[in-house]
Amino acid sequence: MILMVLSGCGKIDGSAHRVDEEFKDAVAIFGRQALLRGVDVSKATNSINVVFDDFDTDTLGRCTKTPLGPKTITIDRRFWKTAYKNQRLAVVFHELGHCALGREHVDAVDDQHRPVSLMFPSAAFPGDFFDEKSDEYFDELFQSNLVGD
């Protein structure tokens, strides 16, 4: 099974902070993984909305930043229904990388042409590979020298 992560940009209206129930575990795991690596993301994640939407494209998730409202992560509902846990985590972590960490895309691949970062712009993560390399992905994601505002 292949996981495709595509991000997009857009503007939506600001609203009260909201995290749909299905995303609460992923956001909590993101926070714990960050703390294990010496990065406190609680302030950032407590102000980001994480909600479902139905995309008309192959996009699985999107981090949207508005000038006056909170940042919002939207995840495609169809993807969520068919994905397994680590695919879901990879997409939520990728979008939180944008919204909470200020990370940009990372185009680098290893010698077998697999993404070296969860921030790969349209990353294909074979399920077993992500499972085997998740600690390395998390280490790279939370490197303090790469974390933006």
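# A first look at this predicted model

The count of disulfides here comes to one. This link joins Cys63 to Cys99, with the two sulfur atoms 1.9 Å apart. The pair ties together distant parts of the chain: Cys63 sits in strand E3 (residues 61-64) and Cys99 in helix H4, 36 residues apart. Please keep in mind as you read that this is a predicted model.

**The disulfide**

- The link of Cys63 and Cys99 is right-handed, with 110 degrees about the S-S bond.
- Both of its cysteines, Cys63 and Cys99, are buried.

**The sheet**

- Three strands form an open sheet in the order E2-E4-E3, and their pairing is mixed.
- Strand E2 (48-53) and strand E3 stand at the edges with a single partner strand each, so one side of each has no neighbour in the sheet.
- From one strand to the next, the twist averages 20 degrees.
- As background, the strands of a sheet pair through backbone hydrogen bonds, and they can do so in parallel or antiparallel fashion.
- E2 and strand E4 (residues 71-76) run parallel and are joined by six bridges.
- To find this pairing in the structure, look for Asn49, whose bridge partner in E4 is Thr72.
- E3 and E4 run antiparallel, with four bridges between them.
- How much of E4 is covered? This strand is mostly covered, since five of its six residues are buried.

**Helix H1**

- Several residues of H1 are buried, among them Ala26, Val27, Ile29 and Phe30.
- Gly31, Gln33 and Ala34 of H1 are buried as well.
- Just after H1 comes Gly38, which takes a positive phi of about 80 degrees.

**Helix H4 and its residues**

- H4 lies across E2, E3 and E4, and runs at about 160 degrees to E4.
- Helix H4 (residues 85-99) includes Glu95.
- Is Glu95 buried or exposed? Its relative accessibility is 0%, so Glu95 counts as buried.
- The C-alpha atoms of Glu95 and Met119 are separated by 8.4 Å, although these residues are 24 residues apart along the chain.
- His94 also has its place in helix H4.
- With a relative accessibility of 0%, His94 counts as buried because buried means under 20%.
- The side chains of His94 and His105 are joined by a polar contact of 3.4 Å.

- His113 belongs to the loop between H4 and strand E5 (122-124).
- His113 is exposed, because its relative accessible area is 65% and the cut-off for exposed is over 50%.

**Helix H5**

- Glu140 is found in helix H5 (residues 127-141).
- At 12% relative accessibility, Glu140 counts as buried, because that value is under 20%.
- Which side chain does the side chain of Glu140 contact? Glu140 makes a polar contact of 2.7 Å with the side chain of Arg103.

Key:
Residues numbered from 1 in each chain as written. Predicted model: local features only at pLDDT ≥ 70, side-chain atom pairs only at ≥ 80, totals over all residues. Heavy atoms only, no water. Buried < 20%, exposed > 50% of the residue type's maximum accessible area, 1.4 Å probe, protein only. Helix = DSSP H or I, 4+ residues; strand = E, 2+ residues; numbered from the N terminus. Polar contact = N/O pair within 3.5 Å; in protein donor to acceptor, adjacent residues only side chain to side chain. Disulfide = S-S within 2.5 Å. Pairing = 2+ DSSP bridges. Axes fitted to C-alpha atoms, helices over the stretch in contact; angles between N-to-C directions. Contact = heavy atoms within 4.5 Å.
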